[in-house]
Amino acid sequence: MVYKCKGCGGNVVYSPKVGRMVCESCGTEDNEEILKTEDAFKCPSCGSSIEVGEYDSSCKCEACGAPIILDPRIEYPYGPDLALPFMVDKYDAIEALRAYAKDKLFIPGNFINAHMEDKLEGIYVPFWLYDFDTDVHYNAIGVKIRTWTSGDTEYTETSKYAVARELEIDYSGYPADASIKMPDDMMDLVEPYDYGRMGKFDSRLLSGFSAERYNFDPNQLEPRVKARMAKDTDAWINSTISGYNHMEGVQKHVNDQRKATNFALLPVWDYKYHYKGKEYHFYLNGQSGKIVGKSPVSPSRVVGLTATLFATLAIFIQGLEQLLEML
Ligand SMILES: [Zn+2]
Ligand SMILES: [Zn+2]
């Protein structure tokens, strides 16, 4: 289907700037109607066949430029539950890339060029958002070592404490991208997103942007999510323990229980960049403008900071420390 202007018949797209549907021809806002064809893979505007990849759900007609949404790929079982609208538009994205490249010595001079507009693609990337209940039982011996000197003698005092922790962590909206073409490490880095702006999926948001249906189901991605979540859980445990020189005999039992999964579309700008015949991608968070990418000059270096906390989280901690012995 395609959104058309009721006034002039022009193509209507979602504008991140105004947060509304805008006619590309006459500029009228929120005055659209849906045009459909029997065959969802034919352009309702010009009748051309739409050539798309296996997972694409929104694209541009190669022949006439109309913003096409492929109905069968946004309906059951591929219908998204949630979507976070683009808030950064193409021109903001170019500005952000310019500002980013300005003081980066490892970015070649032609990173910024006159054709950036054509190399930027706004993509709604499919993500599964997981809700988990995590219970942690942690027991260890915390060792404190104190040394001091008196006269010619050095004294060492070693104290051992029984350290017990019970943590209940509610992870809510823990994300994993469900797209083959988007690199997992980059998508992890492009977070965090503010889910406060997330709403029920609305097909109008896709008009003028690319989108994909999910490429993996939630069970396929669960091991990846759990591995990433385990690191956060460890960080939470460690944040509750301090003042010891080291820990001994650590016993840790973690039980992750999946409660719910939601299919969400999150906005990403993909900037394709060519350098010495190779293609590189930089990604911008379509909500915050945060940029991550691999530098063409040192290709192994991933720039961008690791997202720390992206999911909303409730945590309940119980702890106990008891002196066992002093030597
Ligand atoms: Zn119009
Ligand atoms: Zn067309």
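**Views of a two-domain predicted model**

**View 1. Placement of the two domains.** The centres of domain 1 and domain 2, taken over C-alpha atoms, are separated by 37 Å. Domain 1 covers residues 1-73 and domain 2 covers residues 123-326, with bounds that come from an automatic or database domain assignment. This is a predicted model, in which local features need pLDDT of at least 70 and side-chain atom pairs count only at pLDDT 80 or more, while totals for chains, interfaces and linings use all residues. Residues are numbered from 1 along each chain as its sequence is written, and chains are lettered from A and ligands numbered from 1 in the order in which they are written.

**View 2. The side of domain 1 that touches domain 2.** In this view 13 residues of domain 1 are in contact with 12 residues of domain 2, two residues being in contact if their C-beta atoms, placed from the backbone, lie within 7 Å. Two or more residues on this side of domain 1 come from each of strand 2 (12-15), strand 5 (56-60) and strand 6 (67-69), and strand 5 gives the most, with 4 residues. Strands (E, at least two residues) and helices (H or I, at least four) are DSSP runs numbered from the N terminus. By class, the side of domain 1 that touches domain 2 holds 9 nonpolar, 2 polar and 2 charged residues; Ala, Val, Leu, Ile, Met, Phe, Trp, Tyr, Cys and Pro count as nonpolar, Asp, Glu, Lys and Arg as charged, and the others, Gly among them, as polar.

**View 3. The surroundings of Met182.** Met182 lies in the loop between strand 9 (153-177) and helix 3 (184-190). Met182 counts as buried because it has 21 C-beta neighbours inside 10 Å, the cut-off for a buried residue being 20 or more other C-beta atoms within 10 Å of its own, with C-beta atoms placed from the backbone. Once its neighbours within four places in sequence are left aside, Met182 is in contact with Val125, Asp177 and Met187. The C-alpha atoms of Met182 and Ile145, which are 37 residues apart along the chain, are separated by 49 Å.

View 4. For the chain, the mean pLDDT is 90, and 94% of the residues reach 70 or more.

Key:
pLDDT is the predictor's confidence in each residue, from 0 to 100. A residue is buried if 20 or more other C-beta atoms lie within 10 Å of its own, exposed if 12 or fewer, and partly exposed in between; C-beta atoms are placed from the backbone.
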